[in-house]
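Here's a quick tour for anyone meeting this structure for the first time. Have a look, then read on.

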Amino acid sequence: MPEPTPVLPEALEQIMSLPKSGNRLIICDVDEVILHLIRHLETYLHERDLVFLNHEYRLTGNIGRRHDHSVLSADLVRKHLLSFFDAISHAQDMVHGADVALSRLSESWDIVLLTNLPGGHNKPAREKLLGGFGIPYPVVTNSGPKGGAVAALAANRAGPVVFIDDSPTNHTSVQASLPSSVQIQFIADQRFRQATAPDSHIDLLTGDWQETADFISAIV
């Protein structure tokens with residue numbers, strides 16, 4: 001089991017600016033959960049003669065050149081991700097049903113969107129896009145494993161905390177930092193979801209917002 005992750009100062013500053021509340025809390029990722037990521041990234045890669053090498057849930061070591069499948073270096077993957085998010089942050093498609101499900105849940109839960117967004121300057125574009133979809137909840141930007149940020153968001157909350165994210169790394173981090181949380185691994189892309197074997201701390205693996213809302217609504 002990894003050690004609990006400390007919250008980054010820049011994430012903590014955003015968290016401390018949120019209204020104080022003791023209500024039940026949903027902490028929800030954005031990419032591949034509320035907004036499609038993989039379908040847009042795949043288009044970006046194909047335009048540059050690059051491909052996913054398989055449907056394993058990782059980016060570094062899983063993107064290569066189309067003609068020979070040679071693996072891109074971690075540094076080049078990072079550069080492409082920065083370029084990708086600069087180009088797409090204002091124009092990603094919404095995952096079907098996310099707006100309706102979150103609106104329904106917001107009647108009895110606080111909702112905070114915790115997103116690892118390369119290029120902090122893209123936060124306003126992301127907030128505007130989400131708001132246009134009827135998803136007006138506070139956005140906190142983070143970098144790296146999310147356990148520390150989730151624990152900080154959950155501090156002084158008496159009720160249950162639900163964490164929704166696609167990344168196994170983030171779920172492992174949250175399990176170390178806030179093991180009492182309910183963990184939902186949401187992966188919109190069916191290929192990557194079907195290739196994912198959920199860890200034992202995952203309470204639900206899904207790519208369906210109706211199922212997600214029903215599952216959370218049953219939490220007492």
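Let's start with Leu204, which sits in strand S8 (residues 204-206). Keep in mind that this is a predicted model. Leu204 has a relative accessible area of 11%; the cut-off for buried is under 20%, so Leu204 counts as buried.

Who does Leu204 touch? Setting aside neighbours within four places in sequence, Leu204 is in contact with Gln183, Ile184, Gln185, Glu211, Thr212 and Phe215. Take Phe215: it's 11 residues from Leu204 in sequence, and their C-alpha atoms are 8.3 Å apart.

## The nonpolar cores

The largest nonpolar core has 30 residues, and the ones touching the most other members are Ile26, Ile34, Leu113, Val162, Ile164, Trp209 and Ile216. Helix H4 gives the largest share, four residues.

There's also a second, separate core of 17 residues, including Ile38, Tyr44, Leu45 and Ile63.

Back to Val162: leaving out residues up to four places away in sequence, Val162 touches Leu25, Ile26, Ile27, Trp109, Val182, Ile184, Ile216 and Ile219.

## Where two helices cross

Helix H2 (residues 38-47) packs against helix H3 (residues 74-88) at about 115°, and their axes are 11 Å apart. The two helices are therefore roughly perpendicular to each other, and their crossing is right-handed.

On the H2 side, the contact is made by His40, Leu41 and Tyr44; H3 brings His80, Leu81, Ser83, Phe84 and Ile88. Sorted by type, the residues of this contact are five nonpolar, three polar and no charged.

Terms used:
Residues are numbered from 1 along each chain as its sequence is written. This is a predicted model: local features need pLDDT of at least 70, side-chain atom pairs count only at pLDDT 80 or more; totals for chains, interfaces and linings use all residues. Side-chain values use heavy atoms; hydrogens and water are left out. Axes are lines fitted to C-alpha atoms, for helices over the stretch in contact, and angles run from 0 to 180 degrees between N-to-C directions. Angles under 35 degrees count as roughly parallel, over 145 as roughly antiparallel, 65 to 115 as roughly perpendicular and the rest as oblique. A crossing is left-handed if the near helix is turned anticlockwise from the far one by less than a right angle, and right-handed if clockwise. Contact means heavy atoms within 4.5 Å. Ala, Val, Leu, Ile, Met, Phe, Trp, Tyr, Cys and Pro count as nonpolar, Asp, Glu, Lys and Arg as charged, and the others, Gly among them, as polar. Buried means under 20% relative accessible area, exposed over 50%, partly exposed in between (1.4 Å probe, protein chains only). A nonpolar core is a set of buried Ala, Val, Leu, Ile, Met, Phe, Trp, Tyr and Cys residues joined through side-chain atoms within 4.5 Å.
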